[in-house]
Every structure is written in C-alpha cells, then in structure tokens.
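User: Can you walk me through this one? I'd like the annotation before anything else.

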Amino acid sequence: MVSHSRPPSRLDVAWDRGFRFLTWFMAWATIALVLFIVYKVTESAFPALQRYGFSFMTTSHWDSNREKFGVLPEIWGTLYSSGLALLFATIFGVGVAIFVSEDFVAPAWRTLLKNVVELLAAIPSVVYGLWGIYVVIPLIRPMADWLHNNLGDFPLFGTPFAGPGMLPAAIVLAIMVLPTIAAVSRDALVNVPPRLREGAIGLGATRWEAIFKIVLPAASTGIFGAIVLGFGRALGETMALAMLVGNSGVISVSVLSPANTLSALLANHFPEAQGIEVGALMYAALVLMGITLLVNVIGELILWRASAGMKGAH
Amino acid sequence: MSTATQSETSAGETGAQQDVVIDAKIDELHYGKFKAVRDVHIPFTRNSITAFIGPSGCGKSSALRCLNRMNDLVRGFRLSGHVHFRGTDIYDPKVDPVAVRRHIGMVFQQPNPFAMSIYNNVAFGLRLNGFRGNMGEHVERALRHAALWDEVKDKLRASGLSLSGGQQQRLCIARAVATEPEVLLMDEPCSALDPIATLKIEELMRHLKESYTIAIVTHNLQQAKRVADKTGFLYVDTSEGGRTGYLVEYGHTDQLFTDPREEFTKQYIHGDVG
C-alpha cells in the first residue's frame with residue numbers, strides 16, 4: 001500500500017509561521033495602540049496636570065481668558081446623566097429582554113422586535129441629538145413645567161425647565177444604551193437553563209413568579225454585566241449630549257436644569273482651544289478615561305466575585 | 001387492552017372502582033402539526049406507582065407531562081381527550097393550570113435545585129402557596145420524607161447546588177412533597193444518577209407511595225419491575241409517516257413482565273425490538 005501522507009511542504013511551513021506571526025503582531029499592535037493613546041493624552045495634559053493638579057477636579061470654572069479650568073460640574077454631569085439614563089434604560093431594557101426571551105408571542109414577532117430594538121443602535125448619534133432638540137424637548141416641556149410648578153419643592157424638580165438639560169439628555173441617552181442592555185440581558189435570560197423555569201412552574205408558580213423568583217435571579221450576573229456595559233457606553237457618548245445637555249457648568253440635582261458632561265465639554269471647546277486650554281482639555285479627557293476605566297474595573301470585579309461565589313457553592 | 005375495562009369514572013365518584021385519582025385518556029396529543037401520542041388511556045390509582053416504559057421518542061414523557069399541564073409551556077401543544085383529576089377535567093377552560101400543578105407535583109429528569117439554600121429550595125413551594133404555618137417544621141418534615149434530612153440537617157443554609165446529584169434529586173423530591181400534593185409525577189428521575197443513588201430513590205418511591213399517588217416514566221425496565229405496581233408500555237407507530245407513540249399494553253407489572261398479552265410487549269421486554 002502506498003501511503004499518501006507526506007510532510008508539509010516548505011510553503012506550508014512558511015505560511016503557518018507567517019500567519020502565526022501576523023496574529024501575534026496584530027494582538028500586540030492593539031495593546032501598543034492603547035498605550036500610545038494614553039501616553040499621548042497624558043503627555044499633552046502634562047502642562048495642565050502640573051499647573052492645576054488635583055484642584056482641576058474640584059473646581060468649577062472653565063475660563064480660557066483667565067486660564068482657570070476645573071471640571072467638577074462636568075464630572076457630576078457625566079455621572080448624573082449616565083446614571084439617570086441607565087435607570088431608564090435598565091427598566092425598559094430588562095422589560096424588553098424578558099418579553100423577547102419569553103414565549104409571549106410567536107417566535108417570528110420576537111425576532112422582529114429584537115431586531116428593531118437592535119436597530120436603535122444603528123441610528124447615528126447626531127440624529128439622536130437633532131431628534132432630541134426638535135422632538136423630545138418640546139414633547140416633555142408640558143410635563144417638565146408641570147413638575148416644576150407642582151413639585152418644585154422637591155430638589156429633583158427645583159429649577160425651571162430650560163429646554164436643553166439633564167432630563168432630555170438622559171432620556172435620549174437611555175434610548176441610545178437601551179439596545180446594549182436589552183441585547184445582553186436577553187442573552188443572559190435565554191441562557192438560564194430551562195429546567196430551572198420548569199422546576200418553578202412544576203411547583204405551581206405562575207409565569208411571573210417563575211420569572212421574578214427564579215429566572216431573573218439566575219440571570220442577574222449577566223444582566224448586571226449588561227448594565228455595566230451600558231454605563232460604559234453612556235459615559236463616553238458625546239454628540240447627542242453636546243447637543244442636548246445645555247453646556248452649562250452647573251452642579252444641580254434638578255433634572256430640569258442645564259448641565260454639562262466631560263465629553264460634551266471636549267466637543268464644544270476643542271475648536272478654539274490653544275495653549276494651556278489644550279492641556280486642560282487633555283486633562284479632562286484623561287479624567288473621562290479614568291472614570292470609564294474605573295467603572296469597567298468595578299463592574300468586572302463584581303461580576304468576578306459573583307461568579308466566584310457561585311463556584312464556591314460547588 | 002386492559003384499559004378498555006376501565007370505565008370513564010373518576011376519583012371520588014365511586015368507591016367501588018379502585019380508588020382512581022387520575023383518569024387520563026389521551027386520544028391525540030399534537031405539537032403543532034406533529035402528532036406525538038395517540039390512544040393512551042391509563043387510570044392512576046391511589047397510593048400506587050404507575051410506570052410508563054418504552055423506547056425513546058415513544059411519547060411517554062409527553063404523556064406524563066399532560067397530567068399536570070406542563071405541556072402548556074410548549075408552543076403548539078394540543079390535546080384531544082381528557083385528564084380527570086378528582087372528578088374534574090384539568091383541561092377544562094375554567095381550570096387554572098397553576099392550581100393543577102400545586103396538587104400534582106413533578107420531579108424532573110435532571111435534578112434542578114434552585115440557586116438558593118437547601119432550606120429555601122424546600123420552602124419555595126410553600127411560600128408560593130402563601131403558607132403561614134411553622135416553616136421550619138414543614139421543611140424538616142419534607143426533607144425527612146425525602147430521606148435527606150440526616151444528610152443536610154447541619155447545613156440547611158448551604159446552597160442546594162452544593163449537594164451531590166443523588167442528593168439534589170432527593171432535594172427536588174422534598175421540594176415537590178413539601179406542599180403535600182396528591183400526585184407526584186416523576187420524569188425519568190434516576191437517569192442522571194449512579195446506581196447507588198438510583199436504588200435510594202427507588203426505595204424512597206416505595207415509601208412515598210404510602211402517602212402519594214406516583215406516576216413515573218422510565219427507560220429502565222428493571223426499575224419499572226422493581227418499583228411499579230402497574231405498568232404501561234408505549235411504542236412508536238411509524239405507519240402514518242410520523243413518529244406517534246401509543247399505548248400497546250397496560251396492566252399489573254407482574255403480569256406485564258411475565259405474561260404479556262401482546263406479542264409486541266413480549267418482544268420488547270425480551271430485548272428483541274427497541
């Protein structure tokens with residue numbers, strides 16, 4: 001019998017090596033790119049870092065004439081708008097995720113709904129901004145006025161509605177992160193073993209009891225991951241916020257007040273910035289990256305602890 | 001077939017009949033266009049174990065899941081026939097399937113404890129029922145009933161998932177009996193367990209039948225022989241093109257295994273077909 005096996009040709013070996021080198025190169029190039037960005041931003045921020053130090057994050061002025069810069073209102077606005085948006089988006093997103101992962105309507109309708117929600121992610125940010133200005137603000141104005149007039153003593157509605165501001169920004173931001181939260185939560189819910197649901201139903205649980213007491217807790221780690229992912233996206237979102245948030249460095253708990261975010265600050269000030277203001281903007285960018293990194297690390301830590309806790313049960 | 005001798009009476013209606021708790025008559029069971037089961041008529045008598053045997057795909061699980069309306073979860077499920085439980089057809093539109101499942105408990109093929117403590121697993125069903133009595137006492141009683149108490153009494157707060165497979169399955173049995181249903185359905189409860197854990201569960205079943213009426217699906221003929229009082233043999237009919245399960249023979253377990261009426265049954269229990 002003649003064997004058909006033969007050693008790989010020199011070309012095969014070269015191709016194999018080359019390919020391995022290529023993937024190795026790409027992986028390291030990505031890491032190098034991240035480091036390069038961080039390095040360059042830090043370098044450009046250095047003059048401002050030296051000059052303003054930590055007080056940059058605790059003061060509230062942005063005055064290029066007097067060269068006074070501080071981003072406390074922007075940090076507040078970034079966290080507040082993202083947190084508020086996340087609150088709305090989580091309620092809606094998890095609701096959507098439950099609906100499309102349960103057997104409420106025929107599978108074709110579920111697929112349709114799932115795709116439509118994911119389509120929200122395909123709308124460009126600037127379109128959301130325009131839509132926010134011309135649709136959302138007029139739409140919520142009567143409600144916002146009512147809230148201020150009747151519940152104005154409540155700090156949340158303590159200032160008159162200014163049009164662009166926290167509430168419209170948070171609403172639009174919520175719509176923008178909704179697809180992320182809905183899609184990732186849905187995956188988490190679909191991955192809950194059906195036998196857990198069956199177990200609950202078999203004990204005489206209603207569908208909602210099974211969902212709330214068994215399925216949602218079983219998917220909670222994944223849903224939490226979805227929220228962290230959504231938070232990361234909300235923190236960095238720029239265009240729509242620059243158009244909607246009001247761009248005023250005010251610290252207020254009132255959702256009706258105009259505000260500002262780090263990303264909107266960067267977008268609005270870079271065209272005219274020169275000298276030390278460029279450094280200040282780079283410093284603000286560094287703060288934004290730091291916040292995003294921190295949120296992701298904390299999220300990962302909580303997820304890691306949750307999964308370690310589950311493993312510990314075995 | 002002996003099912004023909006069973007009239008359409010249901011439990012409670014007459015004491016003359018052997019105390020029938022569930023009288024199931026599945027004329028046709030469909031999932032969408034697929035006809036999964038036809039002509040299964042089995043009465044389940046009080047404090048006895050009734051087994052469904054047959055090859056995979058013969059519809060024995062489908063038939064079992066009709067008895068507490070678990071099939072309602074499957075899209076496209078349709079049943080013609082009836083399942084009388086205490087004189088009421090559980091498929092009557094006025095009947096709430098959730099209420100049915102609180103009277104007819106179920107144990108599944110894969111042990112499926114919830115990701116919560118052993119105690120809370122057992123208390124889960126009681127809480128669903130809005131139980132207001134002494135929870136600790138009831139949990140203990142259910143765990144004793146499931147022959148698990150001695151093994152877990154010192155770690156009731158440990159996760160149900162920390163137990164071995166056999167213990168998990170007994171936990172699921174404890175969870176199911178905690179609310180004291182009348183009937184216990186067991187869908188291949190030992191197929192994921194090792195032989196020792198299997199024997200333990202079988203011993204438990206013989207003990208549980210003093211309080212409950214049990215219906216079990218098993219692919220293990222020896223298991224049916226060991227535990228069941230009555231046995232129904234289902235087989236697959238491919239004559240219409242699909243794969244439709246039907247009841248070939250039903251009777252006392254001894255009789256079915258030693259002196260089957262149908263040639264087909266004989267061939268199956270001797271391993272000639274399958």
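Analyst: The UniProt record, an unreviewed entry, annotates residues 75-299 of chain A as "domain: ABC transmembrane type-1". UniProt positions follow the numbering used here, feature names are shortened, and annotations may be inferred rather than shown by experiment. This is a predicted model: local features need pLDDT of at least 70, side-chain atom pairs count only at pLDDT 80 or more, and totals for chains, interfaces and linings use all residues. Residues are numbered from 1 along each chain as its sequence is written, and chains are lettered from A and ligands numbered from 1 in the order in which they are written.

User: How much helix and strand over residues 75-299 of chain A?

Analyst: That stretch of chain A is 75% helix and 0% strand, with its end C-alpha atoms 19 Å apart. Helices (H or I, at least four residues) and strands (E, at least two) are DSSP runs, numbered from the N terminus.

User: And how many helices and strands in chain A?

Analyst: Chain A has 10 helices and 2 strands, in the order α-β-β-α-α-α-α-α-α-α-α-α from the N terminus.

User: OK, switching to chain B. How many residues of chain A are in contact with it?

Analyst: 17 residues of chain A contact 21 residues of chain B; a contact means C-beta atoms, placed from the backbone, within 7 Å.

User: Which helix of chain A gives the largest share?

Analyst: Helix 6 of chain A does, with 6 residues. Helix 6 (194-202) and helix 7 (207-236) of chain A each supply at least two residues of that side.

User: What are the dimensions of chain A?

Analyst: Its C-alpha trace spans about 90 × 65 × 40 Å along the principal axes.

How values were computed: Two residues are in contact if their C-beta atoms, placed from the backbone, lie within 7 Å.
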